[in-house]
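Please look over the sequence and the model shown here before reading on.

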Amino acid sequence: MVLHLPSPGFVSGSWKIKVVIIMSSSHSFHKSPLSNTTTASVNSDSTSTSGVNVYVRRRNKRPKGITTTTTPTHTHNKKFGLPDIEDFAYKGPNELTQCIKSEVSLDVTPTESEIVSTTHSIESPAHWVETLEGIRKMRCSGDAPVDTMGCEKAGSTLPPKERRFAVLVSSLLSSQTKDHVNHGAIQRLLQNDLLTPDAINNAEEETIKKLIYPVGFYTRKATNLKKIANICLMKYGGDIPSTLEQLLLLPGIGPKMAHLVMNVAWNNVQGICVDTHVHRICNRLGWVSRLGTKQKTSTPEETRVSLQGWLPREEWDPINPLLVGFGQTICTPLRPRCGECSITELCPSAFKEASDSSPVSKSTKSRRNKKL
């Protein structure tokens, strides 16, 4: 706590403590034991060593018989810290810490790169190498929709800068949309010369809606597409953001899309792109679980964090198209084709969902049994 005296000399009833601080180029911080605030002392321009008068009440070294009367100051305690990994994935860099706009300073503030790179040590599942190799053999035919119409195929004949924007647009439209529907929307935009930031920014939103229909949530996506085009023009010179954090700030872009764009457009693998197929298959194989439990992950983001905890980094990029195609052809959402799968002996979910997933509901079966 800082006490201000009316004059630099000795004042009856008070003690003046003169502290000489060797100043450096950086600020030195002194924290009062009675206050939650931190006071920074800045070196003067006159001398490298300056005398700074600090008036602090000290509990242990206060002279006997001396009392100081102070007026208590009211401070509001604010909690601040790091968000969960899910919150970080959707928020921008300014949301990492809730800084109090006063003289409070943190000694150490974690950076975004440190948060992203923090992974928990997770034991790899048994026989994962054999399982992955078996899936690769089943996928060698390349007959899945993702192999010819995936987001990474968007704008493949365009120059690098335009192709990056095409990949971003394709990723935005891919949410809740099948590959062939998304591919058709991209082709229509390309045929109408509406696959550049400048063209989309100048186009009518109603025109964009008609061209991208019937992708899921096409109305909202058309609005976000206009906003993204404007941001790319204003902030990135007609190109797209080159960092994960900047991509996540774009309207309508989530972690799955951001990682896909980083992998495909910038050839910069920052993490695993986890969509509904990767999320479902990893849980069926028992490859992922909630942190500290054996329960299945409930969101693709939980799956990404768990999977990155043990999967070798060189597998982060190819795992997405591999499992997406596997999920489109064999390990389907409903009635998976376990009879055609070659890794059923390694899969803990083999034939369980296939036998339970019957076109005839359980209620219908029970009614039939009652009649019999």
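The points that follow are grouped by topic. The structure is a predicted model. Its largest nonpolar core has 38 residues, its largest pocket holds about 940 Å³ of space, and the count of disulfides comes to 0.

**Nonpolar cores**

- Within the largest nonpolar core, a set of 38 residues, the members that touch the most other members are Leu168, Val169, Leu173, Leu189, Ile212 and Ile253.
- Two or more residues of this core come from each of helix H5 (160-174), helix H6 (179-191), helix H7 (197-202), helix H8 (205-212), helix H9 (218-236), helix H10 (244-248) and helix H11 (255-264).
- H5 provides the largest share of this core, with 7 residues.
- Leucine 189 shows such contacts in detail: leaving aside residues up to four places away in sequence, leucine 189 touches Val169, Leu173, Leu194, Leu195, Leu211 and Ile212.
- As general background, nonpolar side chains in soluble globular proteins tend to be buried together.

**The largest pocket**

- The space in the largest pocket is about 940 Å³.
- Its lining consists of 33 residues, and those nearest the centre of the pocket are Ser174, Gln176, Lys256, Asp275 and Thr276.
- At least two lining residues are supplied by each of helix H1 (85-90), helix H4 (145-149), H6, H11, helix H12 (276-284), helix H13 (300-308) and helix H14 (319-329).
- H11 contributes the most to this lining, namely 4 residues.
- Sorted by class, the lining of the largest pocket comprises 12 nonpolar, 13 polar and 8 charged residues.

**Cavities**

- The model has 3 cavities of 30 Å³ or more.
- The largest cavity contains about 150 Å³ of space.
- Around the largest cavity are 15 lining residues, among which Cys331, Cys338, Cys341, Cys347 and Ala350 lie nearest its centre.
- The lining of the largest cavity is made up of 11 nonpolar, 2 polar and 2 charged residues.

**Cysteines and disulfides**

- Cysteine 331 counts as buried because its relative accessibility is 11%, under the 20% limit.
- Cysteine 338 has a relative accessibility of 13% and therefore also counts as buried.

**Helix H14**

- H14 is mostly covered, with 9 of its 11 residues buried.
- Those buried residues are Ile319, Asn320, Leu322, Leu323, Val324, Gly325, Phe326, Gly327 and Thr329.
- The elements covering them include H3, H4 and H12.

**Individual residues**

- Histidine 279 lies in helix H12 and counts as buried because its relative accessibility is 15%.
- Not counting residues up to four places away in sequence, histidine 279 touches Val274, Thr297, Ser298, Thr299, Pro300 and Thr303.
- Glutamate 315 sits in the loop between H13 and H14. With a relative accessible area of 15%, glutamate 315 is buried.
- Glutamate 315 touches Leu132 and Arg136, residues up to four places away in sequence not being counted.
- Along the chain, glutamate 315 and isoleucine 272 are 43 residues apart, while their C-alpha atoms are separated by 8.7 Å.
- Is glutamate 123 buried or exposed? Glutamate 123 has a relative accessible area of 73% and is therefore exposed, the limit being over 50%.
- Glutamate 123 is placed in the loop between helix H2 (112-117) and helix H3 (128-138).
- From glutamate 123 to glycine 309 the distance is 8.1 Å, C-alpha to C-alpha, although 186 residues separate them in sequence.

Notes
Residues are numbered from 1 along each chain as its sequence is written. This is a predicted model: local features need pLDDT of at least 70, side-chain atom pairs count only at pLDDT 80 or more; totals for chains, interfaces and linings use all residues. Side-chain values use heavy atoms; hydrogens and water are left out. A disulfide is a pair of cysteine sulfur atoms within 2.5 Å. Buried means under 20% relative accessible area, exposed over 50%, partly exposed in between (1.4 Å probe, protein chains only). A nonpolar core is a set of buried Ala, Val, Leu, Ile, Met, Phe, Trp, Tyr and Cys residues joined through side-chain atoms within 4.5 Å. Contact means heavy atoms within 4.5 Å. On a 1 Å grid over the protein atoms alone, a cavity is a set of points where a 1.4 Å probe fits but cannot get out, and a pocket is an open set with protein on both sides within 12 Å along at least five of seven lines; lining residues have an atom within 4 Å of a point. Grid points are joined across faces, edges and corners, and a volume is the space filled by probe spheres set on the points. Ala, Val, Leu, Ile, Met, Phe, Trp, Tyr, Cys and Pro count as nonpolar, Asp, Glu, Lys and Arg as charged, and the others, Gly among them, as polar.
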